Amino acid sequence: MDMQKEITIEYHTPEQVLDRARHLEGMTFQEVLDLGIVADGVVREYNSRRYKGGMGNLLEERFFGYRANSDREPDFAEAGVELKATCIDRRKNGNDAAGERLVLTMIPYDEEAPESLYDSHLWHKCRRMLLVWYRRDKSIDPYDQRIEHVLLFTPPAEDLRVMEADYRLITGLVRAGRADELSESLTTYLGACTKGATAAKSMRDQSLYAPGRRARSRAFSLKQPYMNYVLHHYVLGAPEAERVVTDPRELERQTLVEYVTGRINAHVGESDRDLCRMLGLEYTGNKAQWTTIAYRLLGVRGDRAAEFEKAGIRVRTLRPEPVGRRLVESAPILNIDFLELAAERDWEDSELRSLLSDMRYLFVVFQKDDERTVLRGCKVWGMPEADLDGPVRECWERTRDAVVHGVTLTRKVNAKGKVSYANDFPKISDDIVAHVRPRAAQAAYRLEDGTEIGNVDRDAEELPDGRWMTRQAFWLNSSYLLEQVSDLL
């Protein structure tokens, strides 16, 4: 383009990079291109449907005037700063959230993996990051999306201690020739996310540590819940929730998971009434009581913990029956927006997979023993990829297919004349780890002939064919949950 000009801009310090980046706030990517800046030797055709690269490369070459590359140095090598563009999504409730995990750098299978995070290529490249946050809006052209915030970021010391443990776990499996056993649910803040369009195309040989044994290509990443915390706490200024670990030195001796489970498991065998007396709580016996006990045992007065928000950990109390060890309650995972589900094309990029791959549960188990309800123990659990990409994927596919092709609603009338509608979503009786069932307070429908049942505005969601049906959610089966805590009973 005639208006474009080749420039060279030098960045010697992190502050120089940040000062330049602040001019991005409020600009669209198209306005960045319109500046006419071109790094020396760049021939990429950014303002084109043929461009498939990331917005980070666009910013580096067309705003900062540096030629993008994939070498081992940070993008701004002298300043020691790596540039990362990342998105903000607006949730249905009106709240902002980090749109995705932040991919940092590939996990190599063909070279030595240092035991210490601070000796690694990951730390050398990403210890100081320029995060450029833009508003993701899938309804507009990608180049019309607007940049809202820039942040120069290094994780604080207490978070780095958790990431050190994550790094050791990931690289320990790589060095043992077991990279095929990696899963994002294994770690807390730092993940090992998959890379590649499909599982088959992403397979790589573990050439250094286990030649001939193949594993999915993976990259180090900051998990989506951690990025959500960074957005809210460092960018939007939200106050931090209470911390579980008040003395960071505790994480020099043990992992966060060990610390959390140790605090609760120290009280195994004690009754809920005794724990309430010890903690200064009035015993109510209601459903929320057991969750409150769990938080109080961790030293948290409310129902939020900073470390849990960063790690995407949900506290879930389970109360199996004393006889037969049956668990009555299933666990809701994700409310379903039928229109958004229908628009999803790939399981790998689905909201359900993204959520479950990052999320972990803190299961706290209470069980009735004679006349007392006793704490049996706790564990932090993440879903294995075999279950995630097997039965849970089947549940998602069956649900999405039903939504796309038209949900079958079968009218039923019971002996008292009450009308209800059955659907063809996966049921708990199908025994495939997960199922779909209502999440609304009451049934509600708007049928093709205009018939309305219940409070449609409050309790129903629109289907792609124009009908409305009772709001639904994905749930984990109660029997599957019970399996995960059977060692505590």
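Modeller: This is a predicted model. Helix α13 (residues 351-358) and helix α14 (residues 385-405) pack with their axes 11 Å apart, at an angle of about 150°.

Colleague: Why are α13 and α14 called roughly antiparallel?

Modeller: Angles over 145 degrees count as roughly antiparallel. The angle here is about 150°, so α13 and α14 are roughly antiparallel to each other. Their crossing is right-handed.

Colleague: Which residues make the contact between α13 and α14?

Modeller: From α13 there are L352, R353, L356 and S357, and from α14 there are E385, L388, D389, V392 and W396. Sorted by class, the contact has 5 nonpolar, 1 polar and 3 charged residues.

Colleague: Is A21 buried or exposed, and how do you know?

Modeller: Buried means under 20% relative accessible area. A21 has a relative accessible area of 0%, and therefore A21 is buried. A21 sits in helix α1 (residues 14-21). Leaving out residues up to four places away in sequence, A21 touches F63, F64, L130 and V150.

Colleague: What makes a set of residues a nonpolar core?

Modeller: The residues must be buried, of nonpolar types such as Leu, Val, Phe and Trp, and joined through side-chain atoms within 4.5 Å. The largest such core has 65 residues, and L104, L131, W133, L222, V244, F308 and L362 have the most contacts inside it. Helix α5 (residues 157-175) gives the largest share of this core, 7 residues. Another core, of 43 residues, lies apart from it, and includes V403, I432, V433 and Y445.

Notes. Residues are numbered from 1 along each chain as its sequence is written. This is a predicted model: local features need pLDDT of at least 70, side-chain atom pairs count only at pLDDT 80 or more; totals for chains, interfaces and linings use all residues. Side-chain values use heavy atoms; hydrogens and water are left out. Buried means under 20% relative accessible area, exposed over 50%, partly exposed in between (1.4 Å probe, protein chains only). Helices (H or I, at least four residues) and strands (E, at least two) are DSSP runs, numbered from the N terminus. Axes are lines fitted to C-alpha atoms, for helices over the stretch in contact, and angles run from 0 to 180 degrees between N-to-C directions. Angles under 35 degrees count as roughly parallel, over 145 as roughly antiparallel, 65 to 115 as roughly perpendicular and the rest as oblique. A crossing is left-handed if the near helix is turned anticlockwise from the far one by less than a right angle, and right-handed if clockwise. Contact means heavy atoms within 4.5 Å. Ala, Val, Leu, Ile, Met, Phe, Trp, Tyr, Cys and Pro count as nonpolar, Asp, Glu, Lys and Arg as charged, and the others, Gly among them, as polar.
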